[in-house]
Amino acid sequence: MPRVVVRFFSLARDIAGADTIEIEVDGATTVSKLLRREPLKGVVDGLRSRGVKPVVLVNGEAVDGGSTVNPGDEVAVLPPSSGG
């Protein structure tokens, strides 16, 4: 079955308890649909419960919920960066 690799960074990694997971996909899907699938949903919910809106990258590019994710893509989930 085709898969998407999901990498977690910072607080998202702490919540996930892992650096990466793989999620099986039947074909192209959207970021929003992918974020609603377990175990990814639990990580996103954990971030939001801490007042953090996750940033999602697909193949290194920042995307929104309607963006397409294809089998073989790499998705990164991280809290927004802050600087000063």
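Me: What share of the 84 residues of the protein chain counts as buried, and what makes a residue count as such?
Reply: In this predicted model, 32% of the 84 residues count as buried. The term applies to a residue with under 20% relative accessible area.

Me: What makes the radius of gyration of the protein chain agree with that of a compact globule?
Reply: For 84 residues, a compact globule would have a value near 12 Å; the protein chain has 12 Å, and therefore the two agree. The C-alpha trace spans about 40 × 25 × 20 Å along its principal axes.

Me: Why are strand 4 and strand 7 said to pair?
Reply: Pairing requires at least two bridges between two strands. Val58 stands opposite Val75 in strand 7.

Me: Which strand pairs with strand 7 in the parallel sense, and how do you know that they pair?
Reply: Strand 1 (residues 3-8) pairs with strand 7 (residues 74-78) in the parallel sense over four bridges, against a requirement of at least two. Val5 has Glu74 as its bridge partner, while Val6 stands opposite Val75.

Me: Why does one side of strand 2 and of strand 5 lack a neighbour in the sheet?
Reply: Five strands form an open sheet of mixed pairing, in the order 2-1-7-4-5. Strand 2 (20-24) and strand 5 (61-62) stand at its edges with a single partner strand each, so one side of each is left without a neighbour.

Me: Which strands does helix 3 lie across?
Reply: Helix 3 (residues 40-49) lies across strand 1, strand 2 and strand 7, at about 30° to strand 1.

Note on methods:
Residues numbered from 1 in each chain as written. Predicted model: local features only at pLDDT ≥ 70, side-chain atom pairs only at ≥ 80, totals over all residues. Heavy atoms only, no water. Helix = DSSP H or I, 4+ residues; strand = E, 2+ residues; numbered from the N terminus. Contact = heavy atoms within 4.5 Å. Axes fitted to C-alpha atoms, helices over the stretch in contact; angles between N-to-C directions. Rg over C-alpha atoms; globule rule 2.2 N^0.38 Å. Buried < 20%, exposed > 50% of the residue type's maximum accessible area, 1.4 Å probe, protein only.
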